[in-house]
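Here is a colleague's note for someone opening this structure for the first time. Keep the sequence and the model side by side while reading.

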Amino acid sequence: MRKRKILLIVTSLIVGAILIAVGFTFEQARQEKQALSADLEYRTRLLAEGLKESIEPNYVGNSTVALQKIVEKFANRERLVGLAIYDTKGSVVASSAGVSGDILDKNPLVGTAMDSNKPASDFIQHDEKSLYVFVDPLHQDDRVVGAFLVVQNAGYIDVAIARIWENNLLRLATQIAILLLIAGLLVYWIIIRPLVRLVESVKAARMSGQSSPMLSQIKDHAFFKPLVGEISKMTKSLSDARFSASEEARMRLEKIDSPWTAERLREFTKAHLKERKIFLAFNREPYTHQRVKNEIKISSPAGGASTALEPIMEACGGLWFAHGSGNADKEFVDEHDKIEVPQEHPKYTLKRLWFTDDEVAGFHKGFCTEGLWPLCHIAHVRPIFRKSDWLMYRKVNGKYAKAILEEIKDVENPIILINDYHITLLPRMIKDARPDARIGLFLHIPWPSAESFSICPWRKEILDGMLGADVIGFNTQQFCNNLIDTVGKEIESLVDLERFAIKRNDHVSYIRCFPVSISFTNSQEVAKSAPNRKTLDRLSIKTPYLGLGVDRLDYIKGIPERFRGIEIFLDAHPEYREKFTFLQISSPHRQDIKMYQEYRDVVVKEAERINKKFSRNDWKPIVLELLQYSHEELSHLYKLAHVCVITSLHDSMNLVAKEYAAARNDEQGALVLSQFAGSSRDLRGAIVVNPYNAEEVAEAIFQGLAMSPTEQRRRMKKMRDTIKNYNIYRWAAEFIKSIIELG
């Protein structure tokens, strides 16, 4: 908007200058043409009068030969095109060679001059030439006996006029260039430069709560002085508020029952880490730069572990290591492959690691996605293990280790948080190189039984890699139990069931349960903005009841099972037909892998089959959106959905369930939740179902829609209180504290 206004001002100045210059040039050209034409007329008249003195005597004496000699004698002068003499009938008596027949024959000026007995003249265009024709009557004893024609070249007048326009336009272009330069300098020094400083000052105040020195540099600027004054006051108020919040958070540290917030976590890390940074490793980056049709789009993943880890890094700062997967990621990092994030308000550093296509194929698509993922999730998909994939998995873990060890080489007792199954070898690699490092490993996926995990050919290497961590965390106690059992059966170690610890090669790893959550605090209670129906209007969803499903397009999410439950629900309760619509949002996931492509086809065909069965008029029961929605868009849909259905076949936690409850500040709505999702152990107010039992899912949907507002409020309040009391900030504090207390 600012640039457009400046451009409008400059454009107006230029247009004004052009109009003035064009008007001035037009008047100058008119006056010049008038002066040159008058001069030509005057000189032609003088020439004609002089020639008449020689022509008239010979004309009276009928000396045609003499007349022709006179005409030819004077015809070769500078601008004189030619001469001609006419009798009283308008016939040519004599003429020079330069005058064409078109001008000589039946020239109207000849008759006009003889009839009026006065000279006649005119400017004409002939053969793309500008000519001046002058005719003067010939006399004998005051009687008109003929006419004398003079043709002059008037082209020099057009040349003079053209030169005026050319010179003035060149002068105008020079003036415009100088005007633009002066305007640009004035705008930069008077507006843009102080404004940039002002923006930087506001940004600094927003980030640190302290007044920036740049404010003092522009405080006397007349244009910005009132604004600078207000910003200074705002900065002081913000600083005071932050100090108060910091003090309050510090005082709450010892109060177990006080809510956890980002500020409290920040104070906690200050008190316990003693200004040490946190180093976090995860396969996915919190922000990606994608080039789409020559435009750069910055996106952050909605849902999943990134949703949980992002608030921790924003609160504590530090360095996040991740694979740079965006096609424009390399364009935005510095020489050390780092970038400060978030872009608008940087709070921590992201270090991007680069993998080759072969490494991504073997490490991520192969070993992680086709091997470990189905192995750890009981979704009846056969895991595939290849030695080439394992070698790439080990190589990529080595790249993470090299990058982290480089960053911590000068850091004493570094705190390293390693996340998920992609980098299970990393704890051992770091611990062997830096025994003083405090390492926490958290797996955001389930851990299978010992019998199931024995399928993996490299199970011993993975377990040994994990046991390089000081603390290993899971979302549920069952997963902790499974790991203890697996280690006891697979590798040589000492298992301590009382302390839930495993000792291997004189190093002890503690196995703990830390149910991961979201960044939901009491402060969000005041966020009572009305839900936006824009998405529903775009999708033409107008039914009074709305069901919602939000998942990655992954076979563990049980989407076809959910659709079959909806089918049975509409069969059993026909009164909800044309009154209930289920919106399923499934973000594309691993679509370059065959089994996920096949799963996508199954989901689409199942939705089409059910829609074909029930659709009436412009209503269909299932609206399937195969794209990723932003956090803001999902928040509005959470507030509008009467029932949210989660039918995971096996899920470590599923944060969508917690996001739905957190969004319902009206304490309405119902949550249908799979018993195989870890969140079902926390959210006691949900309607828990077996996703393999379609009839049970159908009945739960009906129960949620028919539930009284009072019962909805009771259940939703219970879930929201649980999330507030154990949010992501408390999760992080407990996880970090468990690592620190080992030393």
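This is a predicted model: local features need pLDDT of at least 70, side-chain atom pairs count only at pLDDT 80 or more; totals for chains, interfaces and linings use all residues.

## Notes on the model

1. Start with helix H20. Its buried residues are Leu 655, Val 656, Ala 657, Lys 658, Glu 659, Tyr 660, Ala 661, Ala 662 and Ala 663. At the start of H20, Asn 654 is worth a look: a side-chain oxygen of Asn 654 comes to within 3.2 Å of the backbone nitrogen of Val 656.

2. Now the whole chain. It has 743 residues, and 50% of them count as buried. The secondary structure comes to 23 helices and 23 strands. Take the contacts between residues at least 6 apart in sequence: 71% of these join residues at least 24 apart. The accessible surface is about 36,000 Å², and carbon and sulfur atoms account for 53% of that surface.

3. One surface feature stands apart from the points above. Ile 178, Leu 181, Ile 182, Leu 185, Leu 186, Tyr 188, Trp 189 and Ile 190 make a nonpolar surface patch of about 790 Å². Trp 189 sits in helix H5, residues 155-208. Is Trp 189 buried or partly exposed? Trp 189 is partly exposed, because its relative accessible area is 48%. As for helices in general, an α-helix has 3.6 residues a turn, so residues three or four places apart point the same way.

4. Turn to charge. The count of salt bridges is 45. One of them joins the side chains of Glu 370 and Arg 386, at 2.9 Å from N to O. Glu 370 lies in helix H10 (residues 357-376), while Arg 386 is in the loop between H10 and helix H11 (387-407), so the pair ties together parts that are 16 residues apart in sequence. Glu 370 is buried at 14% relative accessibility. Arg 386 is partly exposed at 32%.

5. Arg 386 has another partner. It forms a salt bridge with Asp 389, with the closest N and O atoms 2.6 Å apart. Asp 389 counts as buried, because its relative accessibility is 7% and the cut-off is under 20%.

6. Compare a salt bridge with other surroundings. The side chains of Glu 406 and Lys 409 meet at 2.9 Å, N to O. Glu 406 is partly exposed at 45% relative accessibility. Lys 409 is exposed, with a relative accessible area of 52%.

7. Salt bridges also form a network. Its members are Glu 561, Arg 564, Glu 567, Asp 571, Arg 577, Glu 606, Arg 609 and Lys 613.

8. Look at Arg 434, in the loop between helix H12 (426-433) and strand E13 (438-442). Arg 434 counts as buried, at 15% relative accessibility. Which backbone oxygen does the side chain of Arg 434 reach? The oxygen belongs to Ile 408, at 2.5 Å. Beyond its neighbours within four places in sequence, Arg 434 is in contact with Leu 405, Ile 408, Lys 409, Val 411, Glu 412, Asn 413 and Pro 414.

9. Finish with the aromatic rings. The whole structure holds 27 aromatic pairs. Phe 442 and Phe 735 form an edge-to-face pair, 5.9 Å centre to centre with 70 degrees between the planes. This pair links distant parts of the chain, with Phe 442 in strand E13 and Phe 735 in helix H23 (residues 728-740), 293 residues apart. Phe 442 is buried at 0% relative accessibility, and Phe 735 is buried at 1%. Phe 569 and Tyr 576 make a tilted pair, 5.3 Å centre to centre and 45 degrees between the planes. Both of these residues are buried.

10. Phe 355, Phe 363, Phe 367, Phe 385, Trp 390, Tyr 393, Tyr 400 and Trp 458 form it.

Methods
Residues are numbered from 1 along each chain as its sequence is written. Side-chain values use heavy atoms; hydrogens and water are left out. Buried means under 20% relative accessible area, exposed over 50%, partly exposed in between (1.4 Å probe, protein chains only). Helices (H or I, at least four residues) and strands (E, at least two) are DSSP runs, numbered from the N terminus. A polar contact is a pair of N or O atoms within 3.5 Å; within protein, one must be able to donate a hydrogen and the other to accept it, and residues adjacent in sequence count only if both atoms are side-chain atoms. Patches are made of residues with over 30% relative accessible area and no salt bridge: like charges are joined within 9 Å, nonpolar side chains (Val, Leu, Ile, Met, Phe, Trp, Tyr) within 5 Å. Accessible areas come from the Shrake-Rupley method with a 1.4 Å probe; for residues, only the protein chains shown count as cover. A salt bridge is a side-chain nitrogen of Lys or Arg within 4 Å of a carboxyl oxygen of Asp or Glu. Contact means heavy atoms within 4.5 Å. Rings of Phe, Tyr and Trp (its six-membered ring) pair if their centres lie within 6.5 Å; planes under 30 degrees apart count as stacked, over 60 as edge-to-face and the rest as tilted.
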